[in-house]
Amino acid sequence: RFLRETREPCPKTPRTLYEQRGISAIMLTCDSEQTSPEWMMKMAMELKTDGNAFYKQKQYQKALAKYTKIFLYVDHLTVPQDLKSMVGNKAPSSGSVKPEDIKKIQVVANQNCAMCYLRQERFDKSEEFCNRALKIKPDASKAIMIRGRARLRLKPPNLDGAQEDLNLAAKAFPNDKNIKNDLEALKKSFKKVRDKQRKLFAGMFDRKPDKKPKTEKKETPDGADKAKADNVADIISQFAGPAGAGEGSK
């Protein structure tokens, strides 16, 4: 087989390059026929076919094992330009394999992994692989559709993200029953959220304000002056006697 565990990698392939591409424990053999890009691409397509067969049998874990191996065969064929400049002519060549074909199998493998995780109800992993596919091809309709379905089922669900993805997916796949069903479920989920918010805010506005304790009125400075003046008048009247007494004695 093309891949096997060894202590040393093939001298034709720099170790650092594979470590940067995420391949460390599994190294390449030195058979020139089994290191050609064309052979790698052929093996990737065979793995995809095997994975599809397991998926149809609902053996999703076995399908995942096949789909994830595809990356070991093709990911290193698309070396970023900055990495190419670092390793120079030691960078792996894609041979007669077209870059668009490499990207296509990468997108398909990521989408298929996402679909397997969706079936296993591992919705966070499903979303992750959709994002990987969309990083390669931002308009990958199937990845958008799967991500929308996964986001709807997350705990808690990403309703806004699901709505955006499923609306785009509905345009790409207008006859897909799963998308239609998920859009209906999405409407119900939004309604539940709105009803919950409505009850919450209604309860806040319906609360009666707490009764404030009555406070004694403080006398104003004018009232205090009036009371003082009345007190002085009473004292004076006691000394002066009843009103009109002086006039009666004349």
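## Aromatic contacts

Trp39 is buried, and Tyr73 is buried as well. The model in which they are found is predicted. Across the whole structure, a search returns three aromatic pairs. One of them is formed by Trp39 and Tyr73: the ring centres lie 6.3 Å apart and the planes meet at 55°, so this pair is classed as tilted. The two residues come from distant parts of the chain, with Trp39 in helix H2 (residues 37-56) and Tyr73 in helix H3 (residues 60-74), 34 residues apart. A pair of aromatic rings is described by the distance of the centres and the angle of the planes.

A ring also takes part in a contact with a charge. The charged end of Arg132 sits over the ring of Phe71, at 4.8 Å from the ring centre.

## Overall fold

The protein contains 11 helices and two strands. In sequence order, the elements follow the pattern β-α-β-α-α-α-α-α-α-α-α-α-α.

Of the 250 residues in the protein, 33% are buried. Considering contacts between residues at least 6 apart in sequence, 60% join residues at least 24 apart.

## Helix H8

Helix H8 covers residues 159-172, 14 residues in total. From its first C-alpha to its last, H8 reaches 20 Å, close to the 20 Å expected at 1.5 Å a residue.

Which residues of H8 are buried? They are Leu159, Gly161, Ala162, Asp165, Leu166 and Ala169. These residues lie on the same side of H8, because they cover an arc of only 145° around the axis. On the face turned away from the buried side, H8 carries the exposed residues Asp160, Glu164 and Lys171.

## Asp182 in helix H9

Asp182 is located in helix H9 (residues 177-206). Is Asp182 buried or exposed? Its relative accessibility is 4%, so Asp182 counts as buried, the cut-off for that class being under 20%.

Neighbours within four places in sequence aside, Asp182 is in contact with Arg149, Leu152, Arg153 and Leu166.

Definitions and conventions: Residues are numbered from 1 along each chain as its sequence is written. This is a predicted model: local features need pLDDT of at least 70, side-chain atom pairs count only at pLDDT 80 or more; totals for chains, interfaces and linings use all residues. Side-chain values use heavy atoms; hydrogens and water are left out. Helices (H or I, at least four residues) and strands (E, at least two) are DSSP runs, numbered from the N terminus. The expected span of a helix is 1.5 Å times one less than its number of residues. Buried means under 20% relative accessible area, exposed over 50%, partly exposed in between (1.4 Å probe, protein chains only). The arc is that of the directions from the helix axis to the C-beta atoms. Contact means heavy atoms within 4.5 Å. Rings of Phe, Tyr and Trp (its six-membered ring) pair if their centres lie within 6.5 Å; planes under 30 degrees apart count as stacked, over 60 as edge-to-face and the rest as tilted. A charge sits over a ring if NZ of Lys or CZ of Arg is within 6 Å of the ring centre and within 35 degrees of the ring normal.
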